[in-house]
Amino acid sequence: MFKKLRFRLTLLYTLTTGIILTLVVISISINSQLSTIRRIDETFQTQVMNITTKLQTDNSFNITWLAATEAENDLLIHIEENGTPLLFKGAWEPPSGREFLLEKAASKARKLGTDISVQPVTTYSISPVFEIAGNHRDRYQCIAMSYPSSRGYKSVLLLYYISPSLQTLNRQRLFFAGMDVLGIAALYLVARFFVKRSLRPIQ
């Protein structure tokens, strides 16, 4: 009789406090993930602003600067002038291949209304930010833009490799899930101890 009562009280206490703990962990996990996603977006927007400003103010392209910007920020930068690609092979090779990813991003940008191979009708053509995925589960945030220049027009296709940041999100989820399970296990042990101690006088 007392064993059943002790078990039920322990289970009730564990479920009640475990639900509260799980809700708290979920709330913290969501806030942490939203913060990481915001950081990805802000980083990409900053890079877009820096690169477009640089390209609009400089008449010539600095290959050394492009290579350093790509390597330091996990970017793929493709530049065309009047439809002719810049002779820049890139600073690093992404998992799914540079040419494949650039072609896929350009194709999606065309569907969204920005064709970097065609002179823009308006003074400035820019696509919304979009995502593409490679063949090796690698994912990228992308943007395409075209704008007039003194020699005609320039186009930029920018890809940001976000897979490392997404892997961080997955690790965060696993971490919080593990902490929740360990917390519930600890609550069960505490509940068992206190219920046993509370029922001792009436046994």
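## Close-up views of a predicted model

A search of the whole structure finds 2 salt bridges, a salt bridge being a side-chain nitrogen of Lys or Arg within 4 Å of a carboxyl oxygen of Asp or Glu. Please keep in mind that this is a predicted model, in which local features need pLDDT of at least 70 and side-chain atom pairs count only at pLDDT 80 or more, while totals for chains, interfaces and linings use all residues. Residues are numbered from 1 along each chain as its sequence is written, and side-chain values use heavy atoms, with hydrogens and water left out.

**View 1. A salt bridge joins Glu 70 to Arg 98.** The closest N and O atoms of Glu 70 and Arg 98 are 2.7 Å apart. This pair links distant parts of the chain, with Glu 70 in helix α2 (residues 63-73) and Arg 98 in helix α3 (residues 98-111), 28 residues apart. Helices (H or I, at least four residues) and strands (E, at least two) are DSSP runs, numbered from the N terminus. Is the pair buried or exposed? Glu 70 counts as buried because its relative accessibility is 0%, and Arg 98 counts as buried at 4%. Here and below, buried means under 20% relative accessible area, exposed over 50%, and partly exposed in between (1.4 Å probe, protein chains only).

**View 2. Arg 139 and Glu 131 form a salt bridge.** The closest N and O atoms of Arg 139 and Glu 131 lie 2.7 Å apart. Arg 139 is partly exposed, with a relative accessible area of 36%, and Glu 131 counts as partly exposed at 33%. Arg 139 is in strand β5, where it stands opposite Ala 133. Strands β4 and β5 run antiparallel and are joined by 4 bridges; two strands pair if DSSP finds at least two bridges between them.

**View 3. The loop between β4 and β5 holds His 136.** This loop lies between β4 (130-133) and β5 (139-149). The hairpin of these strands has 5 residues between them, and Arg 137 takes a positive phi near 60 degrees there. His 136 is exposed because its relative accessible area is 55%. Which residues does His 136 contact, leaving aside its neighbours within four places in sequence? They are Pro 95 and Ser 96, where contact means heavy atoms within 4.5 Å. His 136 and Ile 51 are 85 residues apart in sequence and 27 Å apart in space, C-alpha to C-alpha.

**View 4. Strand β5 pairs with β6 in the antiparallel sense.** The pairing of β5 and β6 runs over 10 bridges, and a hairpin joins the two strands through 2 residues. Strand β5 is mostly covered, as 8 of its 11 residues are buried. Strand β3 (residues 125-126) also pairs with β5 in the antiparallel sense, over 2 bridges, and Ser 125 stands opposite Ser 146 in β5. As a reminder for reading any such view, in a regular strand the side chains alternate between the two faces of the sheet.

**View 5. Leu 159 sits in strand β6.** Leu 159 counts as buried because its relative accessibility is 0%. Cys 142 stands opposite Leu 159. How far apart are the C-alpha atoms of Leu 159 and Leu 75? They are separated by 5.6 Å, although the residues are 84 apart along the chain. Leaving aside neighbours within four places in sequence, the contacts of Leu 159 include Leu 75, Leu 76, Leu 101, Leu 102, Ala 105, Ile 132 and Cys 142.

**View 6. Ser 155 lies in strand β6 (residues 152-161).** With 1% relative accessibility, Ser 155 counts as buried. The side chain of Ser 155 reaches the backbone oxygen of Ile 116 at 2.7 Å. That side chain also makes a polar contact with the side chain of Ser 146 at 2.9 Å. A polar contact is a pair of N or O atoms within 3.5 Å; within protein, one must be able to donate a hydrogen and the other to accept it, and residues adjacent in sequence count only if both atoms are side-chain atoms. Not counting residues up to four places away in sequence, Ser 155 touches His 78, Ile 79, Glu 80, Ile 116, Met 145 and Ser 146.

**View 7. A nonpolar surface patch includes Leu 23.** The patch is formed by Ile 19, Leu 23, Ile 26, Ile 30, Leu 34 and Ile 37, with about 540 Å² of accessible area together. Leu 23 is in helix α1 (residues 2-57) and counts as exposed at 56% relative accessibility. Patches are made of residues with over 30% relative accessible area and no salt bridge, with like charges joined within 9 Å and nonpolar side chains (Val, Leu, Ile, Met, Phe, Trp, Tyr) within 5 Å. Accessible areas come from the Shrake-Rupley method with a 1.4 Å probe, and for residues only the protein chains shown count as cover.
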